[in-house]
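Trainee: I am new to this structure and would be grateful for a close look at a single part of it. Could you please take me through the salt bridges?

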Amino acid sequence: MMQRRSGFTLIELLIVMALIGLLLSMSIPRYFGHVDKAKESVLRQDLAQMRDAIDKYFGDAGAYPESLEELVTKKYMRKIPVDPMTERADTWITVAPEKKGGGKVFDVRSGAQGAGRDGAAYASW
């Protein structure tokens, strides 16, 4: 009496691997597109929160802060957020006010290179 062997043939394994490869090739580009979109959303939100903190500081003190760290020490922000594009908190670019004598931080921009999905450079947001 012959025993029947159970298992998969080589052709069955190749077909399954080809299907997995096909599914991955369709889903990976969409995944990275969503990751980039999420990073841009976080960047816009972080910029809005820091600009709001700068405006509140100016409203209270009558002058702009000397640095972003001053916003943290004066409790306008809990901490300086990490730039999602550079993944560092020390790459923010501060913009000084046009008239002198009123602090050094009028606006804040991302220090990331490159452009967003809308074509505008991250540093211009």
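Mentor: What follows begins with the overall fold and then turns to the salt bridges. The model is a predicted one. Its secondary structure consists of two helices and two strands, and from the N terminus these elements follow the order α-α-β-β. The radius of gyration is 25 Å, well over the 14 Å that the globule rule gives for 125 residues, so the protein is more spread out than a compact globule. Along the principal axes, the C-alpha atoms fill a box of roughly 95 × 30 × 20 Å. Of the 125 residues, 25% are buried.

With that setting in place, the charged side chains can be considered. In general, side chains of opposite charge can pair when their charged atoms come close. Over the whole structure, a search finds seven salt bridges.

One of them joins the side chains of Lys39 and Glu87, at 3.6 Å from N to O. This pair links distant parts of the chain: Lys39 belongs to helix α1 (residues 10–61), while Glu87 sits in the loop between α2 (68–73) and β1 (93–95), 48 residues apart. Lys39 is partly exposed, its relative accessible area being 25%. Glu87, in turn, counts as exposed, at 57% relative accessibility.

Asp118 is exposed, with a relative accessible area of 52%, whereas Arg44 is partly exposed, at 42%.

A further salt bridge is formed by Arg88 and Asp90, the closest N and O atoms of which are 2.7 Å apart. Here Arg88 is partly exposed, with a relative accessible area of 45%, and Asp90 is exposed, with 54%.

Finally, Arg51, Asp107 and Arg109 are linked in a network of salt bridges.

Contacts along the chain complete the picture. Among those between residues at least 6 apart in sequence, 48% join residues at least 24 apart. As for the surface, the protein exposes about 9,400 Å², and carbon and sulfur atoms supply 59% of that area.

Conventions:
Residues are numbered from 1 along each chain as its sequence is written. This is a predicted model: local features need pLDDT of at least 70, side-chain atom pairs count only at pLDDT 80 or more; totals for chains, interfaces and linings use all residues. Side-chain values use heavy atoms; hydrogens and water are left out. Helices (H or I, at least four residues) and strands (E, at least two) are DSSP runs, numbered from the N terminus. The radius of gyration is taken over C-alpha atoms; the globule rule is 2.2 Å times the number of residues to the power 0.38. Buried means under 20% relative accessible area, exposed over 50%, partly exposed in between (1.4 Å probe, protein chains only). Contact means heavy atoms within 4.5 Å. Accessible areas come from the Shrake-Rupley method with a 1.4 Å probe; for residues, only the protein chains shown count as cover. A salt bridge is a side-chain nitrogen of Lys or Arg within 4 Å of a carboxyl oxygen of Asp or Glu.
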